[in-house]
Amino acid sequence: MSDAVHAPDAHGHHAPPGGIMRWLTTTNHKDIGSLYLWFALIMLFTAGSMALLIRAELFQPGLQLVRPDFFNQLTTMHGLIMIFGVIMPAFTGFANWQVPLMLGAPDMAFPRMNNWSFWLLPVAAILLMSSFLLPGGAVAGGWTMYPPLFIQGGVSYDLTILAVHIMGLSSIMGSINIITTILNMRAPGITLMKMPLFVWTWLITAYLLIATMPVLAGAVTMLLADRNFGTHFFNAAGGGDPVMFQHIFWFFGHPEVYILILPAFGIISQIIPTFSRKPLFGYASMVYATASIAILSFTVWAHHMFAVGMPVAAQLFFMLSTMLIAVPTGVKVFNWVATMWKGSLTFETPMLFAIAFVCLFTIGGFSGLVLAVAPVDIQLQDTYYVVAHFHYVLVSGALFSIFAGIYFWLPKWTGHMYDETLGKWHFWLSVIGMNIVFFPMHFLGLAGMPRRIPDYALQFTDFNQIATLGAFVFGFSQLVFLAVVLKAIKGGARAPARVWEGAEGLEWTVPSPAPYHTFETAPAVK
């Protein structure tokens with residue numbers, strides 16, 4: 001950069017850098033929010049193309065396209081990238097954009113740390129993806145990194161552990177920033193119980209991240225030591241216990257799945273009241289339900305481990321605690337339905353995705369209750385029923401809420417309305433494709449088809465072919481989404497100051513009791 005760029009003006013102010021330096025050095029919460037969202041979109045297409053290759057291989061029995069070890073590498077990297085590279089960064093992008101705006105804050109509490117916490121992510125992604133180029137290829141041991149498979153692999157396993165560490169560091173820094181912003185930088189008049197639900201869900205999610213990320217860091221550090229320094233934490237031959245890794249990992253991993261869904265609950269709790277023209281039903285109960293889910297999420301981790309030979313008393317405890325966590329989740333679903341009940345509904349794209357979220361996430365919740373029953377889970381463990389369950393939670397749950405939030409706030413972010421016709425095309429193709437790919441997996445799992453295999457018995461062919469066709473419909477429909485976003489950024493009808501009032505005749509509503517304001521500008525002191 002030349003000195004002229006940074007030369008002070010007549011008032012002594014320095015011009016901000018332009019071009020690529022603007023994005024590398026930005027401390028503006030909106031810029032950083034946009035960076036997170038673009039990163040998540042790039043990673044979505046990366047991990048999504050891996051999923052399409054997996055489904056193409058499974059179109060018929062036998063080995064067609066990829067070697068079995070490469071197939072296992074694809075499943076591992078698809079899982080890791082979708083969780084740490086798509087869902088979490090996208091929700092953090094929403095937090096960066098919306099939390100200061102909703103609280104009337106000028107920016108995040110620690111703008112420079114905000115910049116750093118983003119730029120760690122591309123570094124981690126490059127480390128993760130470059131493992132494909134190393135001798136032996138990427139990690140083939142599953143995204144859960146279970147020993148002994150993870151102890152025996154090549155150097156790509158060390159690279160993956162390092163990438164997970166860096167992503168965890170990014171999450172912890174982002175969470176500290178979000179908590180400090182919410183607790184210290186609210187405008188006068190916004191008490192905790194007057195914050196929008198989205199802010200509440202992120203406050204609770206940030207605490208979950210700070211509590212669980214160090215646990216994951218400990219687990220993968222012990223793995224690293226087992227691999228390189230001759231320790232035997234998880235090596236049975238040296239007196240270690242591979243099942244101990246599962247306990248440590250899932251003590252992080254179960255709260256993690258709520259980290260992936262609580263911000264989604266917040267987004268949906270903003271959208272449904274707006275398009276129902278009613279305040280959110282049961283605001284306080286929604287806050288308490290979110291907190292209850294977060295607390296209970298630390299008590300259910302071993303329901304992923306019913307097949308390891310736990311004592312019956314432990315199986316009973318984890319079975320019952322898993323059923324208990326369904327109660328506050330159910331409270332949320334009933335409150336969303338009650339908000340829509342007798343509302344004056346319209347069905348713009350954000351509302352369509354929100355309604356699909358409520359319906360399909362509930363299916364994922366019910367299959368989770370089925371898997372909570374220990375004797376049933378022992379039969380269904382590591383079958384396609386589990387794959388169907390968590391994809392209903394994470395695709396129609398987390399991913400659909402991200403789509404809903406982007407359509408909802410895109411006019412606010414770009415100043416232009418998105419193309420409603422294209423948005424609806426994206427919605428219907430996504431919903432139909434998603435159900436065609438994942439619903440048959442329930443039947444495959446009940447029939448006994450194991451997950452993470454590149455070949456299968458002949459009787460599973462028909463459902464696999466249906467699922468693969470659905471996967472390609474769902475995957476390629478995301479190109480429509482990309483077109484919608486690019487078109488809105490480039491131009492289109494100008495968005496009015498109060499988007500959903502001016503554009504569609506909607507009454508803007510915020511889901512908090514007796515609001516003084518629309519959270520679009522800082523409220524006056526009361």
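Close-up 1. With a relative accessibility of 45%, Ile432 counts as partly exposed, a class that lies between buried (under 20% relative accessible area) and exposed (over 50%), for a 1.4 Å probe and protein chains only. The model is predicted, and local features need pLDDT of at least 70 and side-chain atom pairs pLDDT 80 or more, whereas totals for chains, interfaces and linings use all residues. Residues are numbered from 1 along each chain as its sequence is written, and side-chain values use heavy atoms, with hydrogens and water left out. Ile432 lies in helix H15, and together with Trp428, Ile436, Phe439, Phe443, Leu446, Phe463 and Ile466 it makes a nonpolar surface patch of about 730 Å². Helix H15 (420-446) and helix H16 (461-490) are the elements that give two or more residues to this patch, and H15 provides the largest share, six residues.

**Close-up 2. Packing of helices H10 and H11.** Helix H10 (residues 283-296) packs against helix H11 (residues 312-340) at an angle of about 155°, with the axes 9 Å apart. H10 is therefore roughly antiparallel to H11, a term for angles over 145 degrees. The crossing in which H10 passes H11 is left-handed, meaning that the near helix is turned anticlockwise from the far one by less than a right angle.

**Close-up 3. Crossing of helices H9 and H12.** The axes of helix H9 (residues 262-276) and helix H12 (residues 349-372) cross at roughly 125° and come within 9 Å. This angle makes H9 oblique to H12, and the crossing of the two helices is left-handed.

Close-up 4. Most residues other than glycine have a negative phi, and most peptide bonds are trans. The peptide bond from Pro147 to Pro148, however, is cis, with omega near 5°, and Pro148 is placed in the loop between helix H4 (111-130) and helix H5 (149-152). Arg277, in the loop between H9 and H10, has a positive phi of about 55° although it is not a glycine, and is partly exposed at a relative accessible area of 23%. Asp382 likewise has a positive phi, near 60°, and its loop runs between helix H13 (374-380) and helix H14 (384-414); at 36% relative accessibility, Asp382 counts as partly exposed.

Methods:
Patch = residues over 30% accessible without salt bridge, like charges linked within 9 Å, V, L, I, M, F, W, Y side chains within 5 Å. Areas by Shrake-Rupley, 256 points an atom, 1.4 Å probe, with all protein chains shown as cover. Salt bridge = Lys/Arg side-chain N within 4 Å of Asp/Glu carboxyl O. Helix = DSSP H or I, 4+ residues; strand = E, 2+ residues; numbered from the N terminus. Axes fitted to C-alpha atoms, helices over the stretch in contact; angles between N-to-C directions. Parallel < 35°, antiparallel > 145°, perpendicular 65-115°, else oblique.
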